[in-house]
Amino acid sequence: MHSHQPDDTEVNGNLPLELDGFVGRRAELPELARALDASRLVTVTGPGGIGKSRLAARVAGGLRTPPDGVWRVELAAVRDPEFVDYAVVETLGLTDHTARLPRETLLAHLAGRRLLLVLDGFEHLVDACAALVADLLGQVPGLTVLAVGRRPLRVAGEQVFALGPLREDEAVELFAERAGRQGVTVGEDPHVRELCRRLDGIPLAIELAAGRLGALCPGQLLERLDDRFRLLTGGGRDTLPRHRTLRTAIGWSHELCTPEERLLWSRLSVFAGRFDLEAAEYVCSGGGLHSDDVLDVLSALLAQSVVAREETATGVRYRMLDTVRAYGAEWLEATGDAVRLRRRHRDWYVGLATWCELDWFSPRQNEVAARIEAELPNLRGALEYCLTEPDGAELARHLAGSLWFCWVGCGRLSEGRHWLERSVELEPGPEHARLKALWVLGYVAILQGDTVPALAALEECRTEAERSANATAEAYAEHRSGCLALVSDDMPRAERLLRSSLERYQEIGELNSNVLMAQVELAMARAFLGDLPDAVRLCEDVRRVCEDHGERWARSYALYVLAYAAWSEGDSGRARELLTDCLACAHAFHDLLGSVLSIELLALVTVTSGDAAEAAVLQGAAAALWPSVGLPLFGSAYYNAPHELCEATVRERLGDERYEECVRQGRALGREAAVSRALGRAHPAGGLPAPRGRERHTDAAHGMQQPAASPTRKGGETAG
């Protein structure tokens, strides 16, 4: 996907976008490439709309790609300096379930890697970005940073690449190219050359002017622009001429808009990053603009290059450049309508989160995950607004709690904990939203292996729920307390609490992914206590309910238990089939816990099928992932028994030296490569012959049912 905006680019994964219609910068392209060869930190600076992002993307895409890729982090939509590190973690595709700070996650991931990191649009976060860059460059020798912003980072070793305007011929070429996109041929019109001179060769200003060719010829554009420049000599004495030129050009384009177009322009400024038509129709309508008219007015702004249209995985979305948005935000404040628009923005995204939570338990689960990921910048904006408004505490807790499936199911525990803790710290309000935020906070803390805060949150939730007779909150608090007992190797307590919570859920008529996870967790406790048939019965029931409702996330954990049961009955083929399904689903949701548990058990299935070397590779791959999850196998003797059985069997067959060599090979795999390798091995790869027929693994099953040693320090995550 690409945008027609000259200062707007996109990178998917670690691959730079092909920039169709990239015009000019023939001298700057090789100069910037040489600067990157000579320095580990190059910062492209210049005013908004000068073309910094497109130049950086073009150069990054044209370089010989480093072994670990080129990654672009878009920071324009990030408002809180605390989220700079999160934005980089997110772009790199890292999933970290621990309580580690994102900076620690980054340093651990980047150690030993060679890559180019493009930080785009950092000027409003310069202090946070400078600290991050200095830290990363100091500790990751293979890292090169290409920063893009309106001012330098002022980090030691920085080489500043100041980007100026387009040369005159290049500016004319750009104008003609943009005109051609509208079906207008400008030829050698002298008005075009003069127009480009008056616009100082600033790409955004040129594109805004070309966007008017549907109504005005170049001569008319120049005449109107001259009038505008005479009226606005622009800015104070300390304002750079090009800043004045761009601001004047944007203002001129704004004046040429109809009243409805100006109104929508200002209102769209409340969105952080991209937005869809439905959001725009709800948030921006009213007070002189009917919702039915929003599409037509938006189309007019698209034609004038004020707004860009993008095709994404979640459908058509729109965005404005930060420079254009900032101009609209000033007008919104001037109209006195900013508070109303921000509240409407908040209400839309609270409603979206509420709908997505309900739809998570449905066949649309994958769509919900993709939608929430696309809407995160706006959801963060809504959360921040709730947290800063005097009457926003209840909505903040409601929103943070409603997004539990995002924090837990889609690998965003650290961010979820940030919002949940901030929301429950606010003055107490209506009980329901606060109680939900507390049990979700306890759940997240359990998954991070942080038991003390988890206990505190769950105990507060339980006490307050009993006091207020909130049966729903009581059920969830009891469920998550049982979840904590499960990963703490206290199986009798886990079984008692999980059974009780399931009874409570049934009494109140609650059925969703959380309820099904309680049943899966109970099945795990039963398996650990020696009753594998009961565990199978429970998980087959979960599987049926999930398939009836199209639920895939909780189903994947049920498949994990069923796979272990199949393996223990000697059916390795069936176990592998179930585990590949489980792993594919967990990986699609960015659920690192589900992924690493599947790979661990696949290793055991693989050695049973006869490929000891591959089993060792998979154990190594899992070992590399556990630090991002928590304490390996939760520090649980119960969860660790199959791992120990697999390791002992492989060492016996390969010998210690060969085993360690294969483990090192697995550790060197990245997460994507590890998952691809595990999913790609549908059959044994040879090596040692597979056992004939089905063989019941009674000794191994007993090893899972009884601790291999005294219970160890507990932590990590539950299967929930």
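**Salt bridges, a covered strand and a charged patch**

Asp541 and Arg544 form a salt bridge in which the closest N and O atoms are 3.7 Å apart. The two residues lie 3 positions apart in helix H25 (residues 532-549), so about one helical turn separates Asp541 from Arg544. The model is a predicted one, and the points below are grouped by topic.

**Salt bridges**

- The count of salt bridges comes to 65.
- Arg26 and Glu173 meet through their side chains in a salt bridge of 2.7 Å, N to O.
- Arg26 is in the loop between strand E2 (15-16) and helix H1 (28-38), while Glu173 is in helix H6 (residues 168-181), so this pair ties together parts that are 147 residues apart in sequence.
- Glu173 counts as partly exposed because its relative accessible area is 34%, a value that falls between the limits of 20% for buried and 50% for exposed.
- A network of salt bridges links Arg25, Arg26, Glu28, Arg167, Glu170 and Glu173.
- Glu311 and Arg309 also meet in a salt bridge through their side chains, at 3.0 Å, N to O.
- Glu311 is partly exposed at 46% relative accessibility, and Arg309 is partly exposed at 42%.

- Strand E3 (residues 41-45) is mostly covered, with 5 of its 5 residues buried.
- Leu41, Thr43 and Thr45 point one way from E3, Val42 and Val44 point the other way, and all are buried.
- In a regular strand, the side chains alternate between the two faces of the sheet.
- E3 pairs with strand E6 (residues 143-149) in the parallel sense over 5 bridges, and Val148 in E6 is the bridge partner of Val44.
- E3 also pairs with strand E7 (residues 159-162), in the parallel sense over 4 bridges, and here Thr43 stands opposite Val160.

**A negative surface patch**

- Which residues form the negative surface patch? The patch is made up of Glu260, Asp292, Asp293 and Asp296.
- Glu260 belongs to helix H11 (residues 259-268).
- With a relative accessibility of 37%, Glu260 counts as partly exposed.

Note on methods
Residues numbered from 1 in each chain as written. Predicted model: local features only at pLDDT ≥ 70, side-chain atom pairs only at ≥ 80, totals over all residues. Heavy atoms only, no water. Buried < 20%, exposed > 50% of the residue type's maximum accessible area, 1.4 Å probe, protein only. Pairing = 2+ DSSP bridges. Patch = residues over 30% accessible without salt bridge, like charges linked within 9 Å, V, L, I, M, F, W, Y side chains within 5 Å. Areas by Shrake-Rupley, 256 points an atom, 1.4 Å probe, with all protein chains shown as cover. Salt bridge = Lys/Arg side-chain N within 4 Å of Asp/Glu carboxyl O. Lys, Arg positive; Asp, Glu negative; His and termini not counted. Charge placed at Lys NZ, Arg CZ, Asp CG, Glu CD.
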